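Keep the structure open as you read.

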Amino acid sequence: MKRTSSLLVAVLAAFALPVLAQTNTPNVDQRQANQQQRIDQGVKSGELTGREAARLEKGQERVQKMEDKAKADGVVTKKERARLQQAENVQSRHIAAQKHDRQQDRNHDGKKDRPARNK
């Protein structure tokens, strides 16, 4: 009986700990979602080519890995939060730069559209 209850407590603790770790960085999670939405919107509107979107997705994955690594011990320190915010700032600048460059794929054929020539 005692062994069963000890096992039950251990199993519940194992599931509860990751849930607590996930709530450590709600601002990071929200910002990641916002940036992902910006990438999706850029693809949809044609402001981003497929190649640009893939590169930005890779950057998003890198920030997510940093967050997972920071959460691994169950505590996200002030220094880790600062590094995450810095990585998100860099990623945000990358998204903005790629969305506002002259490379476009408005017809969604997977090829860059040529900008109109000025005569």
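Before we start, one cut-off: a residue is called buried when its relative accessible area is under 20%, exposed when that value is over 50%, and partly exposed in between. Bear in mind, too, that this is a predicted model.

Side chains of opposite charge can pair when their charged atoms come close. A search of the whole structure turns up four salt bridges.

Start with E88 and R31, a salt bridge whose closest N and O atoms are 3.8 Å apart. This pair ties together distant parts of the chain: E88 sits in helix 4 (residues 78-99) and R31 in helix 2 (residues 26-45), 57 residues apart. Is E88 buried or exposed? Its relative accessible area is 3%, so E88 counts as buried. R31, at 24% relative accessibility, is partly exposed.

Next, look at E47 and K99, whose side chains meet in a salt bridge at 3.7 Å, N to O. Here again distant parts of the chain are linked: E47 lies in the loop between helix 2 and helix 3 (50-71), K99 belongs to helix 4, and 52 residues separate them. Both E47 and K99 are buried.

Now for a pair within one helix. E67 and K71 form a salt bridge, with 3.0 Å between the closest N and O atoms. They are four residues apart in helix 3, which means about one helical turn lies between them. E67 is buried, at a relative accessible area of 0%, and K71 is buried as well, at 12%.

Technical notes:
Residues numbered from 1 in each chain as written. Predicted model: local features only at pLDDT ≥ 70, side-chain atom pairs only at ≥ 80, totals over all residues. Heavy atoms only, no water. Helix = DSSP H or I, 4+ residues; strand = E, 2+ residues; numbered from the N terminus. Buried < 20%, exposed > 50% of the residue type's maximum accessible area, 1.4 Å probe, protein only.
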